Amino acid sequence: MPVEPETSKKAREILRANTLHFHLNGKTWSRIIPSKEFYVHQWNWDSATHAMGLVHIDEKLAYEEIRSLLSGQWKNGLVAQITFNPNEKKYFPGPAFWGTESFATGEIITSGITQPPLLAIAVAYVYQQAKNRHQAKDFLLEVLPKVEKYHEYLKTYRDPEDEGLLTIIHPWESGTDNSPRFDSVLEAISLDEIPEEVKELVRKYRTDDREGNASERPRLHDYYRYMYLVSLFKSWEWDYQKIVVESPFAIKDMLFSSIWSRANKSLGNLFTELGDTTKAHKYLSWAEQTNQAIQKSWDPEKKQFTEHNVAGGEKTPILEDTISTLLPLYAGAVTEDLLPELLRKIKDSHEYGAAVPVPSTALDNPYFDPKRYWRGSTWPITNLFLIDGLSLYEKNAAARQLRDELLEKTRKMIQKGGFFEYFHPKTGEGVGFGSFSWTAAIYLYLSNKYMLQ
Ligand code: 9WN
């Protein structure tokens with residue numbers, strides 16, 4: 001048997017150490033938490049990456065991770081950002097702050113928002129990679145109806161205009177919480193309009209700045225606004241028809257929409273394989289609709305895909321240069337004429353061509369900050385999107401070469417820096433919380449998918 005490389009072994013150990021077991025609704029669930037240091041519940045898009053790594057070491061654990069993620073799915077189809085573990089106090093905001101008890105599935109309580117819909121992509125990948133084909137098919141047939149219900153939820157409530165781009169209603173839904181692309185939208189929510197009790201609650205219960213390094217976390221005024229939005233949605237009893245229209249934070253997000261497109265493509269392809277041409281057509285045409293909408297959002301002057309603030313029924317362009325604007329690569333929405341410009345930006349040492357690429361905010365963006373969470377640091381998950389995105393263009397030699405470089409640099413970053421949450425784009429120093437599950441899972445995923453030792 002070949003010897004397992006040291007970093008892969010460590011990755012496997014981290015995933016095992018971060019697996020918790022719970023007896024809920026009469027069943028035992030196993031769930032991977034992102035990090036024991038702070039993130040002690042189950043997160044939506046983190047779990048999708050966990051499953052994509054786990055399938056290479058233990059297929060059944062990959063199935064369990066997805067099952068657990070779906071265990072708290074709401075009746076309206078929402079698969080939440082967080083599925084809470086009982087009795088955990090370290091993370092704020094825990095279950096007591098969301099007012100979602102009446103949406104719980106028995107004992108399984110979740111938050112009320114979602115995260116980028118990586119789920120279908122993970123299900124398709126796990127299904128394709130699993131060696132025991134019989135079990136893989138059973139797993140697929142078990143979870144597909146739930147994944148479809150989630151996509152129905154997203155299409156209904158996040159794309160009521162039926163235009164292909166999805167609306168996120170909270171920065172946490174983007175997975176890239178304090179990205180500068182949200183600043184102008186958040187600043188329009190005046191701190192004066194936020195009730196004192198919401199601010200008080202943040203000051204009293206916020207834990208991330210104590211468990212982690214406050215100078216690397218989102219700022220106090222960000223948290224005031226995050227919790228103000230939660231309190232509004234809670235007071236509207238999580239009525240999504242109302243939320244999507246009335247939320248003071250509403251963005252047609254490029255990162256979220258690009259993942260949505262690729263997720264529909266994955267779902268469509270699965271149905272093609274299962275011989276259900278009607279469903280295959282439905283999801284493939286949703287993917288196509290999104291890609292066309294992404295293409296229309298290209299700003300020829302700024303040479304950038306543009307996102308829009310749609311709060312209050314307005315449609316205002318957001319022109320911040322952040323990694324979100326590169327994600328159309330992951331959707332396969334970048335036409336041949338635009339590809340060279342995106343490749344240039346990723347390589348340019350003034351933009352995204354950092355020593356440890358790819359920073360979450362362009363280096364020349366005035367708000368670039370190498371350590372403060374999503375304001376400039378390099379994250380394994382967004383590197384995964386760019387690597388898998390560039391793979392769609394691998395017939396183009398420059399795209400293929402860039403993909404290979406990013407792959408090598410991402411693996412080196414983790415080998416050298418350790419299994420941190422994210423990394424300093426100039427020095428490679430590991431930042432945020434340690435022994436992080438998605439860093440481990442993404443390392444395994446990339447190493448196995450691209451057959452590297
Ligand atoms: C809020 C768990 C999650 C990731 C997100 C990352 C961070 C949470 C937080 O941690 O967000 O969802 O409290 O900061 O931004 O991408 O899924 O790892």
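A: Start with the terms. On a 1 Å grid over the protein atoms alone, a cavity is a set of points where a 1.4 Å probe fits but cannot get out; a pocket is an open set with protein on both sides within 12 Å along at least five of seven lines; lining residues have an atom within 4 Å of a point. This is a predicted model: local features need pLDDT of at least 70, side-chain atom pairs count only at pLDDT 80 or more, and totals for chains, interfaces and linings use all residues. Residues are numbered from 1 along each chain as its sequence is written, and side-chain values use heavy atoms, with hydrogens and water left out.

Q: How many cavities of 30 Å³ or more does the structure hold?
A: Two. Grid points are joined across faces, edges and corners, and a volume is the space filled by probe spheres set on the points. The largest cavity has about 200 Å³ of space.

Q: Which residues lie nearest the centre of the largest cavity?
A: Tyr39, Trp43, Gln115, Asp177 and Tyr373, out of 18 lining residues. The lining has 11 nonpolar, three polar and four charged residues. Here Ala, Val, Leu, Ile, Met, Phe, Trp, Tyr, Cys and Pro count as nonpolar, Asp, Glu, Lys and Arg as charged, and the others, Gly among them, as polar.

Q: What is the volume of the second largest cavity?
A: About 40 Å³. Its lining includes Thr19, Ser30 and Glu64.

Q: How much space lies in the largest pocket?
A: About 480 Å³. It is lined by 23 residues, with Arg262, Lys265, Ser266, Asn269 and Leu392 closest to its centre.
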